[in-house]
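Here are a few notes for you to read alongside the coordinates.

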Amino acid sequence: MRILLLSDIHANIVALDKVLAEADGSYDNIWCLGDVVGYGPAPNECVERLRGLQVESLAGNHDWAVLNKLSVEDFNTNARRAVEWTQSVLRDDNFDWLDTLPDRETRPDDDLTLVHGSPRHPIWEYILTPSTATENLSYFDTRVCFYGHTHVPMLFYREEEDKRVTPEYPAPGTPLSLTDYSKCLLNPGSVGQPRDRDPRAAYAILDLESHTYTLHRVDYDIRQTQKAMEKVHLPHPLIERLAHGV
Ligand code: ZN
């Protein structure tokens with residue numbers, strides 16, 4: 001079974017549809033690590049696309065903020081404005097779907113854990129440094145933990161027990177063999193708002209039989225998403241950043 005792994009779509013339907021087209025034929029199921037909405041101009045379209053494809057998704061901090069499960073006080077002004085705009089346009093059945101999403105998933109048979117932020121704090125914590133990654137190793141029992149939230153495709157791995165965690169930026173298109181690690185944390189990057197200075201949409205293909213993981217990047221029509229954001233008056237810095245991948 002091959003899984004299309006998505007994270008941080010952030011209501012960017014142009015990027016999501018490009019990823020789905022590009023990955024077509026190379027996966028059997030789709031998993032999403034949360035933040036389906038927030039920042040972008042197409043929350044209903046993105047939720048409906050995932051619902052239509054029966055995607056198994058987790059909840060992220062922006063999803064929770066839209067649901068009022070998290071206070072927007074903790075968000076910066078632009079993110080908060082995007083959350084409030086999303087609340088004003090999201091249809092009831094799409095709210096209800098977001099409300100069903102769990103904050104963590106463990107798949108013992110596949111030796112996998114899935115979260116949005118971190119296994120220690122699934123909704124909120126950012127894993128950006130080896131020290132945070134190391135601290136989080138004791139919060140999951142499987143070999144691999146997939147996470148999102150930082151919008152940076154990354155790998156933190158430990159080859160052997162008690163060894164230090166090594167950070168790595170996997171090269172797109174090069175498969176990683178997950179059995180090489182005693183434990184690892186893997187982020188497939190962001191579909192709708194990359195922040196590693198590469199504006200292309202990010203996603204990964206996970207092969208559960210061969211235990212391989214491959215990161216992919218794909219160009220999408222950024223201008224189209226920016227125009228849709230301008231039309232509904234989303235904050236300018238959120239529009240601008242898409243072009244730079246920050
Ligand atoms: Zn996010």
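This is a predicted model: local features need pLDDT of at least 70, side-chain atom pairs count only at pLDDT 80 or more; totals for chains, interfaces and linings use all residues.

1. Which side chain does aspartate 198 meet in a salt bridge? The partner is arginine 217, at 3.8 Å from N to O. Aspartate 198 sits in the loop between β10 (183-187) and β11 (201-207), while arginine 217 belongs to strand β12 (residues 212-218), so the bridge ties together parts 19 residues apart in sequence. Salt bridges with shared partners join Asp196, Asp198, Arg200 and Arg217 into one network.

2. The count of salt bridges comes to 13. One of them pairs the side chains of aspartate 99 and lysine 69 at 3.0 Å, N to O. This pair links distant parts of the chain, with aspartate 99 in helix α5 and lysine 69 in the loop between α3 (61-66) and α4, 30 residues apart. Aspartate 99 is partly exposed at 42% relative accessibility, and lysine 69 is partly exposed at 38%.

3. Arginine 143 and aspartate 111 also meet in a salt bridge, at 4.0 Å from N to O. Arginine 143 lies in the loop between α6 (130-136) and β6, and aspartate 111 in the loop between β4 (104-107) and β5 (112-115), so parts 32 residues apart in sequence are tied together. Both are partly exposed: arginine 143 at 27% and aspartate 111 at 30%.

4. Now for the metal. Asp8 (OD), His10 (NE2), Asp35 (OD) and His151 (NE2) coordinate the zinc ion at 2.1 to 2.5 Å. Why is the arrangement irregular? The four donor atoms subtend angles of 86 to 176° around the zinc ion, whereas a tetrahedral site needs all angles between 85 and 135 degrees.

5. In sequence, the zinc donors follow the spacing D-x1-H-x24-D-x115-H. Aspartate 35, in the loop between β2 (29-32) and α2 (43-52), and histidine 151, in the loop between β6 (144-146) and β7 (154-158), are 116 residues apart. Aspartate 35 is buried, with a relative accessible area of 1%, and histidine 151 is buried at 1%.

6. Finally, helix α2 has Pro43, Asn44, Cys46, Val47 and Leu50 as its buried residues. They cover an arc of only 165° around the axis, which puts them on the same side of α2. Their cover includes α1 (13-23), β2, α4 (77-89) and α5 (92-99). Glutamine 54, which follows α2, has a positive phi near 55°.

Technical notes. Residues are numbered from 1 along each chain as its sequence is written. Side-chain values use heavy atoms; hydrogens and water are left out. Donors are N, O and S atoms within 2.8 Å of the metal (3.2 Å for Na, K and Ca); water is not among the atoms, so sites may look incomplete. Four donors count as tetrahedral if all angles lie between 85 and 135 degrees; four count as square planar and six as octahedral if opposite donors are over 155 degrees apart and all others between 65 and 115; anything else is irregular. Helices (H or I, at least four residues) and strands (E, at least two) are DSSP runs, numbered from the N terminus. Buried means under 20% relative accessible area, exposed over 50%, partly exposed in between (1.4 Å probe, protein chains only). The arc is that of the directions from the helix axis to the C-beta atoms. Contact means heavy atoms within 4.5 Å.
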